[in-house]
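These are my notes from going through one structure. I wanted the layout of the chain, the pockets, the charged pairs and the aromatic rings.

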Amino acid sequence: MAPDPWFSTYDSTCQIAQEIAEKIQQQNQYERNGENTIRLTVTIRTLLQNLKEKIALLKDLLLNAVSTHQITQLEGDRRQNLLDELVTRERLLVASFKNEGAEPDLIRSSLMTGGAKRGVANPWLFEEPEETRGLGFDEIRQQQQKIIQEQDAGLDALSSIISRQKQMGKEIGNELDEQNEIIDDLANLVENTDGKLRTETRRVNMVDRKSTSCGNLNPLVLRLPFPIRNRKSSHGTMKSVWWM
């Protein structure tokens, strides 16, 4: 398995920082002896620029590894601590080169001990977790890949659940649309039936009024005279007898 490019870049960056510290120490010695330091100054400036570019590259590599889930969050934090330590070393080297702040010998001592004398924690001295204790680089990488695969499997399961819920939501929405159409049809049917009932009610009322008017005419018809039988008069003619 190919080595991790971040760690290979980190190792070369640490070597550059170490070389710069040695060059600064040599420059200080030349200055005390009254020797020419121009060539050393140019070399140190070049190495400092190279160190700055390497640190920027490490930042980009770490950001890409974390964003693409190539490493776990725990490993990302550990690498970030290493990167912060390098940034601190760069600042100390720049300050030493410009003769700013602390004395050169104190800065060199701090660089060599990882900042322990200045109270800065060394990331390499952190206690290793039980999960990775005694494992080699390849085994740790495999373990990280396994954790990432488990996380991916969990995300796939979550995505599947969300997809099913989305499908259920669509089906419920379709069912609601169908129920709304049925309710609209029932409303139209009720409205039509109500109109028919009103029409029939008006007709019944009209017939009832006509029936009432006809009932008031019956007594008049009953009081009309009508003949019962014909009888002869004293003169021999027929005479009708009417009953009132």
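Entry 1, the chain. The model is a predicted one. I listed its elements and found 5 helices and 2 strands in the chain. Read from the N terminus, their order is α-α-α-α-α-β-β. The chain has 244 residues, and 22% of them count as buried.

I looked at the backbone here. Most residues other than glycine have a negative phi. H69 is not a glycine, yet its phi is positive, about 60°.

Rolling a probe the size of a water molecule over the atoms shows where empty space is left. For the second largest pocket I noted about 170 Å³ of space. Its lining is made up of D4, P5, W6, L61, N64, A65, Q70, I71, R79, R141 and Q145. The elements that give two or more residues to this lining are α1 (5-33), α2 (38-67) and α5 (137-222). Which of the elements gives the largest share of the lining? I found that to be α2, with 3 residues. By type, I sorted the lining of the second largest pocket into 5 nonpolar, 3 polar and 3 charged residues.

D4 sits in the segment before α1. I put D4 down as buried because its relative accessibility is 9%, and the cut-off for buried is under 20%. A polar atom of the D4 side chain lies 2.8 Å from the backbone nitrogen of W6. W6 is also among the residues that line the second largest pocket.

Entry 5, the salt bridges. Side chains of opposite charge can pair when their charged atoms come close. How many salt bridges does the count come to? I got 5. One of them joins the side chains of R79 and D4, at 2.8 Å from N to O. This pair links distant parts of the chain, since R79 is in helix α3 (residues 73-97) and D4 is in the segment before α1, 75 residues apart. Both R79 and D4 are buried. The lining of the second largest pocket includes both of them.

I also looked up the salt bridge between R78 and E75, where the closest N and O atoms are 3.2 Å apart. R78 and E75 are both in helix α3, 3 residues apart, which is about one turn of the helix. The two partners fall into separate accessibility classes: R78 counts as partly exposed because its relative accessibility is 31%, whereas E75 is buried, with a relative accessible area of 8%.

In helix α5 I checked E200 and R203. They form a salt bridge with the closest N and O atoms 3.3 Å apart. Because E200 and R203 are 3 residues apart in helix α5, about one helical turn separates them. E200 has a relative accessibility of 41%, so I recorded E200 as partly exposed. Tracing shared partners, I found that salt bridges join D4, E75, R78 and R79 into one network.

Entry 6, the aromatic rings. A pair of aromatic rings is described by the distance of the centres and the angle of the planes. My search of the whole structure gave 2 aromatic pairs. W6 and F7 form an edge-to-face pair, with 5.4 Å centre to centre and 85° between the planes. W6 and F7 are both buried. W6 and Y10 both lie in helix α1, 4 residues apart, about one turn of the helix. W6 and Y10 are both buried. Which residues make up the aromatic cluster? I wrote down W6, F7 and Y10 as one cluster.

Note on methods: Residues are numbered from 1 along each chain as its sequence is written. This is a predicted model: local features need pLDDT of at least 70, side-chain atom pairs count only at pLDDT 80 or more; totals for chains, interfaces and linings use all residues. Side-chain values use heavy atoms; hydrogens and water are left out. On a 1 Å grid over the protein atoms alone, a cavity is a set of points where a 1.4 Å probe fits but cannot get out, and a pocket is an open set with protein on both sides within 12 Å along at least five of seven lines; lining residues have an atom within 4 Å of a point. Grid points are joined across faces, edges and corners, and a volume is the space filled by probe spheres set on the points. Ala, Val, Leu, Ile, Met, Phe, Trp, Tyr, Cys and Pro count as nonpolar, Asp, Glu, Lys and Arg as charged, and the others, Gly among them, as polar. Buried means under 20% relative accessible area, exposed over 50%, partly exposed in between (1.4 Å probe, protein chains only). A polar contact is a pair of N or O atoms within 3.5 Å; within protein, one must be able to donate a hydrogen and the other to accept it, and residues adjacent in sequence count only if both atoms are side-chain atoms. A salt bridge is a side-chain nitrogen of Lys or Arg within 4 Å of a carboxyl oxygen of Asp or Glu. Rings of Phe, Tyr and Trp (its six-membered ring) pair if their centres lie within 6.5 Å; planes under 30 degrees apart count as stacked, over 60 as edge-to-face and the rest as tilted.
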